[in-house]
Amino acid sequence: MKPFLFYHENFSIPSFAFMLMMASLVATGFAYLMAPRNKLSQIIILDLGILGTIAAIIGGRLFHVFVEEFGYYLQHPSHIYQIWRGGFVSYGAFIGLGVALTSYLKFRKAPILPYLDHLAVYACPFVDFFVRLGCLLAGCCYGTPTDSFLSIIFHSGDAGSKYPGVPLHPTQLYSMAAALMNFGFLLWLKKRQTFRGQLITSFLLFYAVSRFLIEFLRGDPERGVYFDNVISTAQIMSIITCIAAGFDYLKLKKKFPLV
């Protein structure tokens, strides 16, 4: 679609990298503004935003390098840091975020679950939305060919190179729609929250299920597929996430009820 928002031989702005920064700014800014309503520290939210951005980018990139395309980066090690080429795995970002944010909150002796619940509503869906917008502009994470009226034709990026002039499932738009639905669901659930940790585990469950289903329409084999394209790396991670988040949901429901 538009891999570069601005391009000059001496300076360019890659769309995907720009949207990563937009994801960080919008998510951190919204979580910061809403923090007083939940009696949370805005300073801690800002710290989490900065730390989370770094951890998510590193985690998402390393997951892609070592899990999905290790052979390629062995041959092209200089491409590891070039995130504008694409290659950013959301589950790797979640792992990086989880480790970094919980470690920081423990260090600050701040309550972990209230902050994670807050970020689940006012930050995570926006990160997901803007990252997928970056994928749409970059022409990565594309769908399979389709004759449906819900289709998109890419003229650049990986999708444009592999399927020039071919209508594809707009899986990026599907993921963006799922992020907005997740946000709406979490806003509804927040008013009915019954225990600490309910929002973050619900976010993970919703994301994992929607990601698992959308993966069936993905057409980019470089994301990692197994058993003759039956299942992808993301679907395996979705199953693991569902099991872990479901277990935590039940555990936290008993352990941290809201009186």
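Reader: Is F256 buried, partly exposed or exposed?

Author: Bear in mind that this is a predicted model. The class follows from the relative accessible area, for which buried means under 20% and exposed means over 50%; F256 has a value of 32%, so the residue is partly exposed.

Reader: Where along the chain does F256 lie, and which residues is F256 in contact with, apart from its neighbours within four places in sequence?

Author: F256 lies in the segment after α10, a helix that covers 233-255. With those neighbours set aside, F256 is in contact with L113, F195 and R196. M22 is 234 residues apart from F256 along the chain, and the C-alpha atoms of the two are separated by 34 Å.

Reader: How many residues does α10 have, and what span should they give?

Author: The expected span takes 1.5 Å times one less than the number of residues. The 23 residues of α10 should therefore span 33 Å, and the end C-alpha atoms are 32 Å apart, which agrees. Among the buried residues of α10 are T233, M237, T241 and L252.

Reader: What is the volume of the largest pocket, and which helix supplies the largest share of its lining?

Author: The largest pocket has a volume of about 1100 Å³, and of the 48 residues that line it, the closest to its centre are F94, L97, G98, C124 and I200. The largest share of the lining, 10 residues, comes from α4, while α10 is one of the helices that supply at least two residues each. By class, the lining comprises 33 nonpolar, 10 polar and 5 charged residues.

Definitions and conventions: Residues numbered from 1 in each chain as written. Predicted model: local features only at pLDDT ≥ 70, side-chain atom pairs only at ≥ 80, totals over all residues. Heavy atoms only, no water. Helix = DSSP H or I, 4+ residues; strand = E, 2+ residues; numbered from the N terminus. Buried < 20%, exposed > 50% of the residue type's maximum accessible area, 1.4 Å probe, protein only. Contact = heavy atoms within 4.5 Å. 1 Å grid on protein atoms, 1.4 Å probe; cavity = no way out; pocket = protein on both sides within 12 Å on 5 of 7 lines; lining within 4 Å. Points joined across faces, edges and corners; volume = space filled by probe spheres on them. Nonpolar A, V, L, I, M, F, W, Y, C, P; charged D, E, K, R; others polar.
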